[in-house]
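Dear colleague,

I am passing on the structure below, and after it you will find some notes on what turned up when I went through it.

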Amino acid sequence: IGGVKDIEARNQLLKEAVKDSLSLSAIKQKIKIVGGDARGTVQPQTVKQRFAHTVQQAQKNKTLWHDPTKTQQLEDLLSQLETLMAG
(Lines give C-alpha, C1' and ligand atoms only; values in the text may rest on other atoms or scores of the structure.)
Protein backbone atom coordinates (compact mmCIF):
# COMPACT_ATOMS: atom_id res chain seq x y z
CA ILE A 1 0.00 0.00 0.00
CA GLY A 2 2.96 2.27 0.66
CA GLY A 3 3.81 2.09 -3.05
CA VAL A 4 0.73 4.14 -3.94
CA LYS A 5 1.96 7.68 -4.53
CA ASP A 6 -1.39 9.48 -4.17
CA ILE A 7 -1.99 9.98 -0.45
CA GLU A 8 -5.78 10.09 -0.83
CA ALA A 9 -5.83 6.89 -2.88
CA ARG A 10 -3.48 5.22 -0.40
CA ASN A 11 -5.70 6.13 2.56
CA GLN A 12 -8.82 4.95 0.72
CA LEU A 13 -7.13 1.67 -0.15
CA LEU A 14 -6.01 1.18 3.44
CA LYS A 15 -9.53 1.79 4.76
CA GLU A 16 -11.00 -0.59 2.19
CA ALA A 17 -8.42 -3.28 2.95
CA VAL A 18 -9.26 -3.17 6.65
CA LYS A 19 -13.03 -2.86 6.19
CA ASP A 20 -13.30 -5.73 3.69
CA SER A 21 -10.47 -7.85 5.18
CA LEU A 22 -8.80 -7.99 1.78
CA SER A 23 -6.24 -10.67 1.06
CA LEU A 24 -2.74 -9.70 -0.02
CA SER A 25 -3.49 -10.58 -3.62
CA ALA A 26 -6.67 -8.47 -3.54
CA ILE A 27 -4.69 -5.54 -2.12
CA LYS A 28 -2.06 -5.91 -4.86
CA GLN A 29 -4.82 -5.95 -7.47
CA LYS A 30 -6.31 -2.77 -5.99
CA ILE A 31 -2.87 -1.12 -6.01
CA LYS A 32 -2.59 -1.83 -9.73
CA ILE A 33 -5.99 -0.26 -10.30
CA VAL A 34 -5.22 2.96 -8.41
CA GLY A 35 -1.98 3.66 -10.18
CA GLY A 36 0.89 1.27 -9.81
CA ASP A 37 2.01 -1.96 -8.31
CA ALA A 38 4.11 -2.27 -5.15
CA ARG A 39 7.18 -1.22 -7.13
CA GLY A 40 5.45 1.90 -8.46
CA THR A 41 5.05 0.82 -12.09
CA VAL A 42 1.70 1.06 -13.81
CA GLN A 43 0.19 -2.19 -15.08
CA PRO A 44 -2.92 -1.51 -17.18
CA GLN A 45 -5.67 -4.08 -16.83
CA THR A 46 -7.75 -5.56 -19.56
CA VAL A 47 -11.52 -5.30 -19.43
CA LYS A 48 -11.63 -9.03 -18.72
CA GLN A 49 -9.31 -8.63 -15.71
CA ARG A 50 -11.30 -5.69 -14.37
CA PHE A 51 -14.54 -7.64 -14.76
CA ALA A 52 -13.16 -10.71 -12.96
CA HIS A 53 -11.77 -8.56 -10.16
CA THR A 54 -15.03 -6.66 -9.76
CA VAL A 55 -17.05 -9.87 -9.55
CA GLN A 56 -14.62 -11.25 -6.97
CA GLN A 57 -14.90 -8.09 -4.86
CA ALA A 58 -18.70 -8.07 -5.15
CA GLN A 59 -18.87 -11.62 -3.85
CA LYS A 60 -16.84 -10.63 -0.78
CA ASN A 61 -18.72 -7.39 -0.10
CA LYS A 62 -21.26 -8.19 2.62
CA THR A 63 -23.00 -4.81 2.52
CA LEU A 64 -23.76 -5.24 -1.18
CA TRP A 65 -25.96 -8.24 -0.45
CA HIS A 66 -27.75 -6.82 2.58
CA ASP A 67 -28.44 -3.25 1.46
CA PRO A 68 -31.70 -3.13 -0.55
CA THR A 69 -30.59 -0.06 -2.51
CA LYS A 70 -27.30 -1.65 -3.53
CA THR A 71 -29.02 -4.93 -4.32
CA GLN A 72 -31.45 -3.12 -6.64
CA GLN A 73 -28.56 -1.32 -8.37
CA LEU A 74 -26.81 -4.65 -8.80
CA GLU A 75 -29.96 -6.18 -10.33
CA ASP A 76 -30.18 -3.26 -12.78
CA LEU A 77 -26.53 -3.71 -13.77
CA LEU A 78 -26.99 -7.46 -14.17
CA SER A 79 -29.93 -6.84 -16.49
CA GLN A 80 -27.76 -4.53 -18.59
CA LEU A 81 -25.00 -7.17 -18.76
CA GLU A 82 -27.46 -9.87 -19.75
CA THR A 83 -28.85 -7.63 -22.48
CA LEU A 84 -25.33 -6.90 -23.70
CA MET A 85 -24.42 -10.58 -23.86
CA ALA A 86 -27.66 -11.52 -25.61
CA GLY A 87 -27.10 -9.01 -28.41
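Asp20 is partly exposed, with a relative accessible area of 22%, where buried means under 20%, exposed over 50% and partly exposed in between (1.4 Å probe, protein chains only). Please bear in mind that this is a predicted model, in which local features need pLDDT of at least 70 and side-chain atom pairs count only at pLDDT 80 or more, while totals for chains, interfaces and linings use all residues. Residues are numbered from 1 along each chain as its sequence is written, and side-chain values use heavy atoms, with hydrogens and water left out.

Asp20 forms a salt bridge with Lys19, their closest N and O atoms being 3.8 Å apart; the term stands for a side-chain nitrogen of Lys or Arg within 4 Å of a carboxyl oxygen of Asp or Glu. Lys19 counts as exposed, at 60% relative accessibility.

The structure holds two salt bridges, and another pairing is that of Glu16 with Lys30, at 2.6 Å from N to O. This pair links distant parts of the chain, since Glu16 lies in helix H1 and Lys30 in helix H2, 14 residues apart; helices are DSSP runs (H or I, at least four residues), numbered from the N terminus. Glu16 is buried, with a relative accessible area of 19%, and Lys30 is buried as well, at 15%.

In H1, Ala9, Leu13, Glu16 and Ala17 are buried. On the other side of H1, Ile7, Glu8, Lys15, Val18 and Lys19 are exposed.

Best wishes

Notes. Helix = DSSP H or I, 4+ residues; strand = E, 2+ residues; numbered from the N terminus.
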